[in-house]
Protein chains: 2
Amino acid sequence: MSIDHRSGCPINLSLEVFGDRWSLIILRDMIFGGKRHFRDLLNGSLERIASNILADRLKRLMELGMLTRADDPTHKQKAIYSLTEMAITLVPILAHLGAWGRVWLPVSEELSIRAELLEKGGPPMWEKFMDELRHEHLGTPSDTPPDATVRATLQAGYEAIVAGKAPGAMPAPDQLISPIAGRLCY
Amino acid sequence: MSIDHRSGCPINLSLEVFGDRWSLIILRDMIFGGKRHFRDLLNGSLERIASNILADRLKRLMELGMLTRADDPTHKQKAIYSLTEMAITLVPILAHLGAWGRVWLPVSEELSIRAELLEKGGPPMWEKFMDELRHEHLGTPSDTPPDATVRATLQAGYEAIVAGKAPGAMPAPDQLISPIAGRLCY
DNA sequence: GCAAACCAATTGCATTTTGCAATCGGTTGC
DNA sequence: GCAACCGATTGCAAAATGCAATTGGTTTGC
């Protein structure tokens, strides 16, 4: 408990980190959307974050050790934001959060397919995804081909829903949603 | 998406429910602390919530379907707040949140022992805890004796730490904390 | 029977955070 | 050369938060 914390409770301290309406949205877009640049995050999210709030949160998340910032070699003013291990380990929390929201909140089908696939993939898929993020953001070696990534799998599911057809690897929609019997509890 | 949501994304909608500094603190105190009354929540938490904010959040959580309110038969002005199934299913999220905070944030030992025990207990313990909460808040039948509850187990761990001695069922402290090798990923 | 403690809030007010629109100085593509 | 793009910053109104005091009523202790 370095400075000015309300308590040393793990849940409280976690809330002090991302207990606001935007921090996790930004991390979601970086993790699931692969966004690395200010403009991508500004224009890419459905929730339309304001630029001053985005700037504030990026700064804050850097101070907290969740993100790092580096100059983009291809463009003198471009900055590349990277996830740290601290942020990458949020994947299971985001998976649970998505699963919970999918059961209890009025989610839209096309936006919840990713959460559904991630829930069905379970911890093995989360671990694979975290390894991919480590490769992408921390430079860790990886042997996953670009088309077999978890992100590509989730994206394919999304696009299949948007296109109105089921992808080959997907079960029928009525088998996917079973909030009671198949309730996620990892 | 009934009214005024930023997007139908499950993570976004979840954040709209408890993406603030107090809602999850209140639910934490109800779930782990067994608090059911306004005064308990007001005076019981370390984070010292203000009474107007507590009142506002209780109202809000009721409107969202996370809590219900009933008159306490033993006291004409006393209100009893109960968790709904929607709130009870937050247990895995809180467990992950606590586990994450314990690894990455400056938690205090005595306040993180509960998170640690809950992490080690894993999904079976979370399920047991949720069943206990259903019994306590929803009146569901249960055959767990009062001294064998998950909450009592967590509380015993906490008190053992505070008293400065390890309880019988607890492994040595150096075995408990292994943030890398034993990282939680349920 | 009566005061003190307790009950779930509510009120007023100052401070902080948020959301929005416009704009900044600089860089790149064409 | 100039439009589009880059990561921000500024100004300002609105909303949320934090704090202290208070409300109208109930129960407890004696």
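Hi everyone, let's start with W100(A), which is buried, at 4% relative accessible area (buried means under 20%, exposed over 50%, partly exposed in between, with a 1.4 Å probe and protein chains only). F18(B) is buried too, at 5% relative accessibility.

A quick word on the background. This is a predicted model, where local features need pLDDT of at least 70 and side-chain atom pairs count only at pLDDT 80 or more, while totals for chains, interfaces and linings use all residues. Residues are numbered from 1 along each chain as its sequence is written, chains are lettered from A and ligands numbered from 1 in the order in which they are written, and side-chain values use heavy atoms, leaving out hydrogens and water.

Now, how many aromatic pairs does the structure hold over all chains? There are four, and rings of Phe, Tyr and Trp (its six-membered ring) pair if their centres lie within 6.5 Å; planes under 30 degrees apart count as stacked, over 60 as edge-to-face and the rest as tilted. One of them joins W100(A) and F18(B): the centres are 5.2 Å apart and the planes lie at 55°, so this pair is tilted. The pair crosses between chains, from W100(A) in helix α6 of chain A to F18(B) in helix α1 of chain B (helices are DSSP runs of H or I, at least four residues, and strands runs of E, at least two, numbered from the N terminus).

Another tilted pair is F32(B) with F129(B), at 5.5 Å centre to centre and 40° between the planes. These two residues are 97 residues apart, F32(B) in the loop between α2 and α3 and F129(B) in helix α7. Both F32(B) and F129(B) are buried.
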